[in-house]
Amino acid sequence: MKDEKGFFERIHEGDEIPALTKKPTYMQLFMFSAITWNRHLIHYNTEFARGDGLRDVATHRALLGNFLAQMLSDWVGEDGKVSKVEWSVRGGAAPGDVIMCRGKVVQKVEDEKGRRIGCDIWIENEDGTLIASGKGEVALSD
Amino acid sequence: MGVFRQPPRTERSVDMGDIPAEARAMIGKERVLVYEVTKKDIRRFAQAIGDKNPLYVDEEYAKKTKYKKIIAPPLFCHAFAFEDVPAEDLREDGLPIEVDVPLPVKRAIGGASSFEVGEPISPGDTITATKKLVDIYKKTGKTGELYFIVIDTVYRNGKGAMVAREKATYIQR
């Protein structure tokens, strides 16, 4: 195993992170509302959401962040951990949408705090419309 | 910086006089909440986000990893982001009390977050969340006035180590 290059060495600036596809459903939004005790109607009452000008109930800001974190975590695996996730909701997503989490390596850092990889991360829907975007960082284990 | 725009940085409003005094008075208020983490919390959180990583649910699997035990997904502290207040204490639309700020707007939209992940969290940990409303500001956008509410929450384990810190920005219009 030691003959092989480590994760940090294998990764280069500009590399794409393997994409993660998600299909939020009414049930998933309900489950996320429940586990976070977020009782805002906009996440489970379609009529309310439409009254607020949305197509349908809104996928939570925090759930979108968790999707991005999962993409980073699946990517780095046991070689490290997700250390930072920053994101802004752009277009939002509703149940039934097929959305794709994506990312690209922008910076590799090695200093007294250890080895880290900084990435641009984003979520887009099937026609390429931006759902959320931001930055992520993974910290490598020793 | 690639194909997408930069997230909106927390640009302060020029004039805090734009923000009603009752709302302004909430800035700096802090709440401290304590939670016990169970295997069930972690399992349900993993199911809710649709992450099938066995590290979050399977003890035998987790024992063979560097963590030696079940850990929680990176943004698990979202489970503790909103206070367990009774339903009657919430606004009719169920808006979390954390962002129920007296502003001349009612609709909550989108938002942003900066989430830092610290020490891993495992079942049995006691998490102390220190939550503070740090800023309220206004911007005028294409669709009218937007109000931004920024909440900074630091989560620590029983040893006092930081397990997460989130600076969440909620937008209302």
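**Strand pairing within chain A and across to chain B**

Strand 2 of chain A and strand 2 (residues 108–117) of chain B run antiparallel and are joined by 5 bridges. Two strands are taken to pair if DSSP finds at least two bridges between them. Strands (E, at least two residues) and helices (H or I, at least four) are DSSP runs, numbered from the N terminus. The structure is a predicted model, in which local features need pLDDT of at least 70 and side-chain atom pairs count only at pLDDT 80 or more, while totals for chains, interfaces and linings use all residues. Residues are numbered from 1 along each chain as its sequence is written, and chains are lettered from A and ligands numbered from 1 in the order in which they are written.

In the pairing between the chains, Ser88(A) stands opposite Ala112(B). Ser88(A) also has a bridge partner in strand 5 of chain A, namely Ser133(A). Strand 2 of chain A (residues 80–89) and strand 5 of chain A pair in the antiparallel sense over 9 bridges.

Strand 5 of chain A is also joined to strand 4 (residues 114–125) of chain A by 9 bridges, and these two strands run antiparallel. Here Lys135(A) in strand 5 is the bridge partner of Asp120(A). Strands 4 and 5 of chain A form a hairpin with 4 residues between the strands, in which Gly128(A) takes a positive phi near 90°. Strand 5 spans residues 130–140 and is mostly covered, with 8 of its 11 residues buried. A residue is buried if 20 or more other C-beta atoms lie within 10 Å of its own, exposed if 12 or fewer, and partly exposed in between, with C-beta atoms placed from the backbone.

Between the chains, 40 residues of chain A are in contact with 38 residues of chain B; contact requires C-beta atoms, placed from the backbone, to lie within 7 Å. On the chain A side, at least two residues each come from helix 2 (26–36), helix 4 (61–76), strand 2, strand 4 and strand 5. Strand 2 gives the most, with 9 residues. By class, this side of chain A has 16 nonpolar, 14 polar and 10 charged residues. Ala, Val, Leu, Ile, Met, Phe, Trp, Tyr, Cys and Pro count as nonpolar, Asp, Glu, Lys and Arg as charged, and the others, Gly among them, as polar.

Chain B contains 3 helices and 5 strands, in the order α-β-α-α-β-β-β-β from the N terminus. Of its 173 residues, 31% are buried.

Terms used. Two residues are in contact if their C-beta atoms, placed from the backbone, lie within 7 Å.
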